Amino acid sequence: MRGPRWLVVARNEYRIRTSRIRRIRPYFPYLAIGILAIYVIFIAPRLFSPFIDDFLALIITQAAVPMVQIILFMIFFYFMIIPITNTLREVQTEQLEIFLAAPIKPSDVLLGEFLGVMPLYAIAVTAIVGSFIALLAPLGLGWAQIVITITIFVLIFFSALWIGTVTAAVMRTRLGKTARGRDIGRALALVIAFPIVVLMYALMGGGLVQALMNPETSETVRTILNLLPSSWGAEIFVGFASNPGNISAGGFETLIRFGGLILYFVVALWLGAKATNRAYSLETISFVASRAKQDGVFYKTMKSLGGGKSFGTLLVSLFKDYGRRLENLSRILYMLGLLAILNIFLVEPSDLEGVLIMGAFMLPLLAAFVVGEVTLRGKDCLFIYKKAPSGVRRLVKARLLKGWLIVIPISVIVTAITSFISLGNNPIFVLINIGLVVLNVAATVVFVLGLFLLNPAFSDKSGNLWVNIMIAMQALPFGTFLIPLITLQRMFDFGLYETMFFVTVPLSWLVGIVFLYLGRRRLSRIE
């Protein structure tokens with residue numbers, strides 16, 4: 001190995017990350033620098049010019065400091081969870097086994113991985129910094145203030161990346177040894193990003209801004225945020241915006257905060273290296289055998305719903321395969337949490353139409369997560385059913401029934417809660433809402449299952465997976481619900497219930513049956 005060991009690892013990591021652009025790899029840094037320079041100098045000032053007045057008006061209010069603190073914390077947290085989620089999504093140690101034969105310390109491996117991805121993340125950091133500088137340009141900041149601002153962003157974001165890299169490595173060591181641990185890792189990969197989603201929708205809904213404008217609430221939020229290193233940089237940032245060209249305006253406090261950020265970055269690097277040498281290992285994966293238990297009441301009930309005999313056994317096996325994967329359960333919990341925060345921050349509780357529209361767009365995503373795995377286990381799994389007598393028909397039927405048994409009860413619970421909040425003591429309309437949603441969701445499950453059979457995604461990395469999810473979330477709700485609702489309201493003064501009963505539900509069932517028929521034929525022809 002030529003050069004320090006961490007440098008060799010960094011080169012290897014950079015080559016892996018840029019393997020898809022190997023033809024332009026020698027020119028990639030120059031292309032990136034050129035494109036970023038064009039963005040920062042020409043595109044960003046024009047792109048953000050319509051928002052400059054609003055930003056400058058916000059920067060002088062009492063909500064400016066906590067608002068910038070929250071924004072920087074969101075970006076900090078996002079940079080930290082990127083390496084964690086990437087690692088947990090597919091917990092593997094095969095790449096690290098290359099270094100087993102070499103006398104290399106774990107801290108060298110981690111430092112090399114960190115430096116190897118740093119050029120790619122530097123592109124995102126530059127774009128973010130350029131956007132903020134474009135917003136502050138009309139204030140006339142001095143060059144010293146601009147340099148300090150850039151340094152603050154670099155320290156905050158790259159310290160987040162380093163913390164995320166170390167955390168991901170330790171979790172990879174702990175979770176990558178067993179199949180159960182890898183399953184837990186894939187489940188955590190989705191849930192760990194939920195706090196950022198909550199903050200994002202709180203900002204979009206305006207509730208967080210109103211809380212920051214309230215002196216009592218703002219003081220509480222600021223006390224909590226001041227404990228975070230990203231908040232120190234936010235206060236310097238707002239201080240420069242309030243006193244452009246005067247670098248000494250913040251006085252000793254600015255110097256303390258800036259020095260604290262530098263010290264925090266250095267300490268984070270040192271502690272990360274120490275923690276890595278102690279907790280991170282390059283051991284190979286071990287295998288642990290699982291022990292099956294007798295079926296409980298739930299599985300016996302599912303078998304009875306499947307009619308018993310062989311089809312009931314097939315339905316139970318599908319439920320067992322689905323329920324034993326924590327990744328699937330985390331997706332359901334994520335969807336329930338997402339529906340909750342959408343109804344809290346973006347929809348008024350009394351707005352029944354808004355609640356139903358939100359559900360019409362989000363419940364198809366739940367259906368996609370539940371029945372979309374029909375092809376995710378790969379072609380080999382499908383061929384097992386194809387070789388059995390009536391295997392394709394029984395598989396599609398079992399997948400459809402499993403989807404109904406999972407998605408419909410969840411939809412009933414969510415609709416009942418939101419309807420009771422919106423309608424109060426009006427049980428008749430609550431039951432009407434539940435009935436319409438159940439009919440529509442059942443048709444949505446049929447459509448989504450047919451869609452994934454017609455355009456199969458044989459792995460969770462396939463582009464078809466996200467294409468199908470976007471079609472389920474956008475095409476079906478727009479085509480069968482939102483567009484007919486707007487059109488019929490304007491032309492015939494149709495209400496929400498009339499549109500759903502006479503148009504949305506029949507049209508959804510028609511589209512779903514057609515897609516399921518075409519998907520089943522496609523499955524029968526797959527070689």
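Student: At what angle do helix H13 and helix H14 pack, and how far apart are their axes?
Tutor: This is a predicted model, to begin with. In it, H13 (residues 297-305) and H14 (residues 309-323) pack at about 135 degrees. Their axes are 8 Å apart.

Student: What makes H6 and H11 roughly antiparallel?
Tutor: Helix H6 (residues 143-175) packs against helix H11 (residues 229-242) at about 160 degrees. The cut-off for roughly antiparallel is over 145. The angle passes it, so H6 and H11 are roughly antiparallel to each other. Their axes are 10 Å apart, and their crossing is left-handed.

Student: Which residues make the contact of H6 with H11?
Tutor: H6 gives Gln145, Ile148, Thr149, Ile152, Phe153 and Ile156. H11 gives Ser230, Gly233, Ile236, Phe237 and Phe240. Seven residues of this contact are nonpolar, four are polar and none is charged. Gly233 belongs to the contact, and Gly counts as polar here.

Student: How do you know that H19 and H21 are roughly parallel?
Tutor: Helix H19 (residues 427-454) and helix H21 (residues 496-525) pack at about 25 degrees, with axes 6 Å apart. Roughly parallel means under 35 degrees. The angle is under that, so H19 and H21 are roughly parallel to each other. H19 passes H21 in a left-handed crossing. The contact of H19 with H21 has 23 nonpolar, seven polar and two charged residues.

Student: Why is Ala416 called buried?
Tutor: Ala416 has a relative accessible area of 16%. Buried means under 20%. The value is under the cut-off, so Ala416 is buried. This residue lies in helix H18 (residues 391-423). The C-alpha atoms of Ala416 and Pro427 are 9.8 Å apart, with the two residues eleven apart along the chain.

Student: How much of the protein is buried?
Tutor: Buried residues make up 46% of the 527 residues. The protein has 21 helices and zero strands.

Student: What makes a set of residues a nonpolar core?
Tutor: Its members are buried nonpolar residues joined through side-chain atoms within 4.5 Å. The largest nonpolar core has 65 residues. Among those with the most contacts inside it are Leu338, Met362, Val448 and Leu523. Helix H16 (residues 352-371) gives this core its largest share, 13 residues. Another core lies apart from it, with 58 residues, including Ala64, Phe114, Ala134 and Ile148.

Student: What does Val448 touch beyond its neighbours within four places in sequence?
Tutor: Val448 is in contact with Pro364, Ala367, Ala368, Val371 and Ala472.

How values were computed
Residues are numbered from 1 along each chain as its sequence is written. This is a predicted model: local features need pLDDT of at least 70, side-chain atom pairs count only at pLDDT 80 or more; totals for chains, interfaces and linings use all residues. Side-chain values use heavy atoms; hydrogens and water are left out. Axes are lines fitted to C-alpha atoms, for helices over the stretch in contact, and angles run from 0 to 180 degrees between N-to-C directions. Helices (H or I, at least four residues) and strands (E, at least two) are DSSP runs, numbered from the N terminus. Angles under 35 degrees count as roughly parallel, over 145 as roughly antiparallel, 65 to 115 as roughly perpendicular and the rest as oblique. A crossing is left-handed if the near helix is turned anticlockwise from the far one by less than a right angle, and right-handed if clockwise. Buried means under 20% relative accessible area, exposed over 50%, partly exposed in between (1.4 Å probe, protein chains only). Contact means heavy atoms within 4.5 Å.
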